[in-house]
Amino acid sequence: MEATDLAWLLAAFALVLLMFPGLALFYGGMLGSRHTLNMIMMVMGALAVTAVFYVVIGHGLVLGDSIGGFIGNPVEMLGFESLMTDDGSGSTFWGAFYVLFAGISIAIVASGAAGRMKFGAWLGFAALWLLLVYSPIAHWVFAFDDEEAGVTGGWLRNVVQLHDFAGGTAVHMNAGMAALALALVLGKRKAFPGRPHNLPLAVLGAGLLWVGWIGFNGGTAGGASFLAEYVVLATLLAGCTGMLGFVIVEKLREGRTTTLGMITGLVAGLVGITPSADAVSPIGALLVGLFTGAAVSWLMTLLPKLKIDEPLDAFMVHGMGGIVGTLCVVLFGAAAAPAGITGVLFGGDWDILWRELVAIVATCLYSFVVTFVIAKAMDKVIGLRVDEEIEFAGLDTSLHAESAYHLSRN
Amino acid sequence: MNLITAIIQPAKLGDVKESLAEFGLTGLTVTEVAGHGAQGGSTEYYRGTAYRVDFLPKIKVELVVDAEQLESALDAIRSAARTGEIGDGKLWVTALAHVERLRTGEKGSAAVAQVTV
């Protein structure tokens, strides 16, 4: 790998690492002040557990020679043993980068458990989810066939030939569906959730996520290339119009524009551009953000109406956001953009529609069902949920013997 | 001796403090409180979900005055805290059995008399 490429990728890596404290503050600020530290612990703990299991076995499940297109053969990559010498292609860098991809996916799922899950149970769940849900789906999407090396990849990438630039399916739809499944198994919060306790903190977190996303999409470009330039631009644009899309719908619905809405739209826009950053024009990127932000805003009141308590809306923001972003490629992919896909609105072949639909349905269905089964099984065996009095007292003091603020009245 | 208690709009604290100072009343205690009167609460929206906020932030101002200072103190607070809108707050006076300045042991009016520093 060229030194220039590696230099950018190492910088991008550092940016992506910022997404973890970013997500922790984004979620922590959105909760009531009694569960803030627990939320932060779940996000940071997700990365910690991921590193262990990903190094031991996960990487091979994702990138190893495919067993029927469904899962990688982990034997050759156990313990990252093969990454100790320079193979000239940056494999060691990608090993590290993939730890972050897996970690951020699980960290998003944590939001579904906000305010009511045992911490040890969460860490155990995160390990199982990494191996049984993330690894297969990431294999389907991220493992390319490599004829030279004689390696077969995942079925969505190579047989269905989906277009997903940086993980709209394996990271975002997957995490969104899993958060919903976990929330359903856990059940509704018993203690009145209250208002978000610190929106400026949530804004700081969303801002760090945006910075991280530049590394996430820019690093996925694979080097210091035109593609990296292009997707960084698209990532900026979609974040901006995501904010607008969300608050416009809010203004029409409640007559107010809100700070929480603005940063939720920002994250939704970034989710939308993750699968599509290399495939739409600059105006297209603005539209991806606008449509994703608006759609997520419009759909946001659906789950509360159905009496489903998915506390921080990962299903809407990441699940539905990922779907909208993917459909944007189908609709207005621009032939002149690096991916060279012509959307159906510009006379492109309709065949991309079924490719994307298969990818969406397969990812969402597998993620939801398997996550639900894992959570249900763990709940039966060890119990996932904290006692009611702990929930009312707040997880911070009860589980961690700390409180986020010593000045607050509650 | 009298305890004046005023529940006012947080934004009016500065005006009330200055207005009292004009009458030479410089000693007061301020607390952040929450409550509602005729105004009721308000509704806030988070991601489209409405939250009813029943208790609004207010400021409680307390000061001890003798009979001579009472009317001017009440005037000072009234003139500074009133906007005419619902939610301006309340003002009441309580009779006190005993007032004492801890530093000197002075009692009654002497305990609340202005001190030149």
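The exercises below work through salt bridges, a chain contact and a surface patch in a predicted model.

**Exercise 1. Describe the contact of chain B and chain A, and find which elements of chain B take part in it.**

Start with the residues on each side: chain A gives 20 residues to the contact, and chain B gives nine. Next, take the area, where about 1200 Å² is buried between chain B and chain A, with 59% of it on carbon and sulfur atoms. Then turn to the polar side of the interface, across which there are five residue pairs in polar contact, both residues being at pLDDT 80 or more. On the side of chain B that touches chain A, the elements that give two or more residues are strand E3 (42-46) and strand E4 (49-53). Finally, two salt bridges are found across this interface, and one of the salt bridges in the model joins A:Asp313 to B:Arg47, with the closest N and O atoms 3.0 Å apart.

**Exercise 2. Decide whether A:Asp351 and A:Arg355 are buried, partly exposed or exposed, and place their salt bridge in the chain.**

Begin with the general principle that side chains of opposite charge can pair when their charged atoms come close. For A:Asp351 and A:Arg355 the N to O distance is 2.8 Å, and because the cut-off for a salt bridge is 4 Å, the pair qualifies. Both residues lie in helix H14 of chain A and are four residues apart, which is about one turn of the helix. As for cover, A:Arg355 has 17% relative accessibility and so counts as buried, whereas A:Asp351, with a relative accessible area of 28%, is partly exposed.

**Exercise 3. Work out the cover of the partners in the salt bridges A:Glu391 with A:Arg385 and B:Glu106 with B:Arg101.**

Take chain A to begin with: the side chains of A:Glu391 and A:Arg385 meet at 2.9 Å, N to O, and both of these residues are buried. In chain B, the side chains of B:Glu106 and B:Arg101 meet at 3.0 Å, N to O. B:Arg101 is buried, its relative accessible area being 17%, while B:Glu106 is partly exposed at 32% relative accessibility. Over all chains, the count comes to 12 salt bridges.

**Exercise 4. Identify the residues of the nonpolar surface patch that includes A:Val361, and explain why A:Val361 can belong to it.**

The patch is formed by A:Val361, A:Leu365, A:Val369 and A:Val373, which together have about 350 Å² of accessible area. A:Val361 itself is found in helix H14, residues 351-381 of chain A. Its relative accessibility is 48%, so A:Val361 counts as partly exposed, and a patch residue needs over 30%.

Definitions and conventions
Residues numbered from 1 in each chain as written. Chains lettered and ligands numbered in written order. Predicted model: local features only at pLDDT ≥ 70, side-chain atom pairs only at ≥ 80, totals over all residues. Heavy atoms only, no water. Patch = residues over 30% accessible without salt bridge, like charges linked within 9 Å, V, L, I, M, F, W, Y side chains within 5 Å. Areas by Shrake-Rupley, 256 points an atom, 1.4 Å probe, with all protein chains shown as cover. Buried < 20%, exposed > 50% of the residue type's maximum accessible area, 1.4 Å probe, protein only. Contact = heavy atoms within 4.5 Å. Buried area = accessible area lost by both parts, 1.4 Å probe. Polar contact = N/O pair within 3.5 Å; in protein donor to acceptor, adjacent residues only side chain to side chain.
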